[in-house]
Amino acid sequence: MECKVSWNGPSGMSFLAQTGSGHLVTMDGAPEGGGNNLAPRPMEMVLLGTGGCTAYDVVLILKKGRADIRGCECTLQADRADTDPKVFTKINFHFTVTGKGLKRETVERAISLSHDKYCSASIMIGKTAEITHTFEIVEI
């Protein structure tokens, strides 16, 4: 895996990242750090990438199990350390899984498998943060 991150120049603290798969992402800093608040902060990208990683797993596991899943949202609430390095210290992943006839045990198992075995991002972040999961099922 490879990516390139380039500073956009002397007028601020924005960066353009290009992924190995050819996608572009802009990041920016907070005004108090010289940024212009025009894009997500780098640590927000870490958090949202972690949410994407685990949501991907949950959807894939449920689909492979032939669950009638129609939607999946993962809302993350995170705390960070007060001093540098300001690592994540606590993160709650709240899943809202929508579908027909979804079983509580099946959804819970998919979330556990992602957390314990498949989601590289949350397993890595779990080295510094206490990670918790909650979920709800919405029947359609």
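This report walks through a predicted model of one protein chain, from its overall layout to single residues.

## Overall layout

The protein chain holds three helices and six strands. Along the sequence, these elements follow the pattern β-β-β-α-β-β-α-α-β. The C-alpha atoms fill a box of roughly 55 × 35 × 30 Å, taken along the principal axes.

The chain has 140 residues, and 29% of them are buried. Contacts also reach along the sequence. Among those between residues at least 6 apart, 49% join residues at least 24 apart.

Strand β1 covers residues 3–7 and pairs with β2 in the antiparallel sense, over five bridges. Within this pairing, Val 5 stands opposite Ala 17 of β2.

Strand β2 (residues 15–19) is also joined to β3 (residues 24–27). Four bridges link these two strands, and they run antiparallel. Leu 16 has Thr 26 of β3 as its bridge partner. Gln 18 stands opposite Leu 24, also in β3. The hairpin of β2 and β3 has four residues between the strands, and Gly 22 takes a positive phi near 90° there.

## The sheet of β4, β5 and β6

Three strands form an open sheet in the order β4-β5-β6, with mixed pairing. The edge strands are β4 (68–80) and β6 (130–139), each of which pairs on one side only. Neighbouring strands in this sheet are turned by 15° against each other on average, direction ignored.

Strand β5 spans residues 88–100. Ten bridges join β5 to β6, and the two run parallel.

Helix α1 lies across β4 and β5, running at about 150° to β4. Helix α2 (residues 104–118) lies across β5 and β6, running at about 150° to β6.

Helix α1 has 23 residues. From first C-alpha to last, α1 reaches 33 Å, close to the 33 Å expected at 1.5 Å a residue. Just after this helix, Arg 66 takes a positive phi of about 65°.

Which residues of α1 are buried? They are Leu 47, Thr 50, Gly 51, Thr 54, Ala 55, Asp 57, Val 58, Ile 61 and Leu 62. An α-helix has 3.6 residues a turn, so residues three or four places apart point the same way. The buried residues of α1 pack against β4, β5, α2 and α3 (120–125).

Take Thr 54 as a close-up. Thr 54 sits in α1, which covers residues 42–64. Its relative accessibility is 1%, so Thr 54 counts as buried; the cut-off is under 20%. Leaving aside neighbours within four places in sequence, Thr 54 is in contact with Cys 74, Phe 93, Phe 95, Ser 114 and Cys 119.

## The nonpolar core

In soluble globular proteins, nonpolar side chains tend to be buried together. Here, the largest nonpolar core has 21 residues. Those that touch the most other members are Leu 62, Ile 91, Phe 93, Phe 95, Val 97 and Val 107. The elements giving two or more residues to this core are α1, β4, β5, α2 and β6.

What does Val 97 touch, not counting residues up to four places away in sequence? The list is Leu 62, Ile 69, Gly 71, Cys 72, Leu 102, Val 107, Glu 136, Ile 137 and Val 138.

## One salt bridge

Side chains of opposite charge can pair when their charged atoms come close. The count of salt bridges in this model comes to one. Asp 68 forms a salt bridge with Arg 70, and the closest N and O atoms are 2.8 Å apart.

Is Asp 68 buried, exposed or partly exposed? Asp 68 counts as partly exposed because its relative accessibility is 30%, which falls between the 20% limit for buried and the 50% limit for exposed.

Technical notes. Residues are numbered from 1 along each chain as its sequence is written. This is a predicted model: local features need pLDDT of at least 70, side-chain atom pairs count only at pLDDT 80 or more; totals for chains, interfaces and linings use all residues. Side-chain values use heavy atoms; hydrogens and water are left out. Buried means under 20% relative accessible area, exposed over 50%, partly exposed in between (1.4 Å probe, protein chains only). Contact means heavy atoms within 4.5 Å. Two strands pair if DSSP finds at least two bridges between them. Axes are lines fitted to C-alpha atoms, for helices over the stretch in contact, and angles run from 0 to 180 degrees between N-to-C directions. A nonpolar core is a set of buried Ala, Val, Leu, Ile, Met, Phe, Trp, Tyr and Cys residues joined through side-chain atoms within 4.5 Å. A salt bridge is a side-chain nitrogen of Lys or Arg within 4 Å of a carboxyl oxygen of Asp or Glu. The expected span of a helix is 1.5 Å times one less than its number of residues.
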